[in-house]
Amino acid sequence: GVVLAASSGASASLGPVAFQLHSKLGYVVLMALAALPPALGSVFKEQAFAEAKEKLGGQSLDIFVVNSFGSGFQALFVFLQMP
């Protein structure tokens with residue numbers, strides 16, 4: 001909130017400082033977007049555990065299996081994103 005208030009009211013009068021505020025805001029947005037995939041992965045893991053408990057009649061999944069599949073998909077997408 002403070003960055004947005006400072007950058008919106010000060011952009012005309014501060015010149016280069018306003019540019020720095022906008023560029024730093026871009027890095028904040030980039031960092032937030034970079035944290036999104038691991039957060040979604042955690043949510044999907046929790047859903048997998050909850051659904052498996054229902055479908056397997058009370059038995060839980062092995063955490064090693066779930067983490068292995070997650071790591072495998074992460075490695076696949078890293079290799080797909082390489083130039």
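1. Helices here are DSSP runs of H or I of at least four residues, strands are E runs of at least two, and both are numbered from the N terminus. On that basis L76 sits in helix α3, residues 63-81.

2. A word on provenance: this is a predicted model, in which local features need pLDDT of at least 70, side-chain atom pairs count only at pLDDT 80 or more, and totals for chains, interfaces and linings use all residues. Residues are numbered from 1 along each chain as its sequence is written, and side-chain values use heavy atoms, with hydrogens and water left out.

3. The overall layout is quick to describe. The protein chain has three helices and zero strands, in the order α-α-α from the N terminus. Its accessible surface (Shrake-Rupley, 1.4 Å probe) is about 6900 Å², with 72% belonging to carbon and sulfur atoms.

4. Of the 83 residues, 6% are buried (under 20% relative accessible area; exposed is over 50%, partly exposed in between, with a 1.4 Å probe and protein chains only). L76 has a relative accessible area of 41%, so it counts as partly exposed.

5. Then the largest pocket, at about 570 Å³. P37, G41, G70, F73 and Q74 are the closest to its centre among the 19 lining residues. Helices α2 (16-55) and α3 each give two or more residues to the lining, and α3 has the largest share, 11 residues. A pocket is an open set of points on a 1 Å grid where a 1.4 Å probe fits, with protein on both sides within 12 Å along at least five of seven lines; lining residues have an atom within 4 Å of a point.

6. Finally, E51 belongs to helix α2 and is partly exposed because its relative accessibility is 42%. Its C-alpha atom is 9.7 Å from that of L61, 10 residues apart along the chain.

Note on methods
Grid points are joined across faces, edges and corners, and a volume is the space filled by probe spheres set on the points.
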